[in-house]
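Dear colleague,

Please find below the structure that I am handing over to you.

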Amino acid sequence: MIELAPSILSADFARLGEQVRAACEGGASVIHVDIMDGHFVPNLTVGPPVVKSLRKVTKLPLDCHFMIENPDDFIPAFAESGADWISVHQEACRHLNRSLNLIKSHECQAGVVINPATPVDTISEVLDIVDYVLVMSVNPGFGAQRFIPAVLHKIRQLAHIRSQRGLNYKIEVDGGVALDTVADVVRAGAEILVAGNAVFGAGDPKRNVEGLLKAATEAAMVRV
Ligand code: DX5
Ligand code: ZN
């Protein structure tokens, strides 16, 4: 099943509840929340209070994508605020296994993220403990960047490893997912699609989600 996870990074923060509700009506099944600290990435976003407020407007899983240094320091606060999924970057974790187990100890789904320049091999040893792998298809920090097609082979590689090793992590893709790129991403093997600008950048978020899910589902039908 293909799931769409709108990223609130491109939403109007003054109308966040309303925009999230519209995306849900269009068929979104996960809400992606980008957490940036101005150190790991050159931008700042939101912290636990926003997650706590979002928790009141939707029952959908809140997928917190940490783009921060020292992620272990913030996992408990986000979990207590209502995060359901927490992902940490391989590049930001000195003790990746420990960070992932810390997420799981808070009863959240644990994800590992790799930047466009980071090979799949670097997360080989944690693939058996993660619930999902997030493949960045832009360099993290900003919305509305161009999709980097060179990451597609990593999605295929992760799908191959999953079946070879009998694992069941989900594959999520983040960055530049839009009507013109969604089919390639789905055909490569991704099942959770993050989209910020394509949902909240222009037009009606509900319609945008519907359009993306339609294109994704059609692509999944011809997936080999
Ligand atoms: C990028 C963020 C993404 C971003 C995606 O650093 O992790 O989640 O919101 O936005 P689009 O879909 O606009 O590339
Ligand atoms: Zn993200």
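This is a predicted model: local features need pLDDT of at least 70, side-chain atom pairs count only at pLDDT 80 or more; totals for chains, interfaces and linings use all residues.

Residues are numbered from 1 along each chain as its sequence is written, chains are lettered from A and ligands numbered from 1 in the order in which they are written, and side-chain values use heavy atoms, with hydrogens and water left out.

The zinc ion (ligand 2) has His32 (NE2), Asp34 (OD), His65 (ND1) and Asp174 (OD) as its protein donors, at 2.0 to 2.3 Å; donors are N, O and S atoms within 2.8 Å of the metal (3.2 Å for Na, K and Ca). Their spacing in sequence is H-x1-D-x30-H-x108-D. Histidine 65 in strand S3 (residues 62-67) and aspartate 174 in strand S7 (residues 170-174) lie 109 residues apart, so the pair links distant parts of the chain; strands (E, at least two residues) and helices (H or I, at least four) are DSSP runs, numbered from the N terminus.Both of these residues, histidine 65 and aspartate 174, are buried (under 20% relative accessible area with a 1.4 Å probe, protein chains only; exposed is over 50%, and partly exposed is in between).

In helix H4 (residues 96-105), the buried residues include Leu96, Ser99, Leu100 and Ile103. Viewed down the axis of H4, its buried residues fall within an arc of 95°, so they line one face of the helix; the arc is that of the directions from the helix axis to the C-beta atoms. Exposed Arg98 and Ser105 sit on the face of H4 turned away from its buried side. After H4 comes glutamate 107, with a positive phi near 60°.

Yours sincerely
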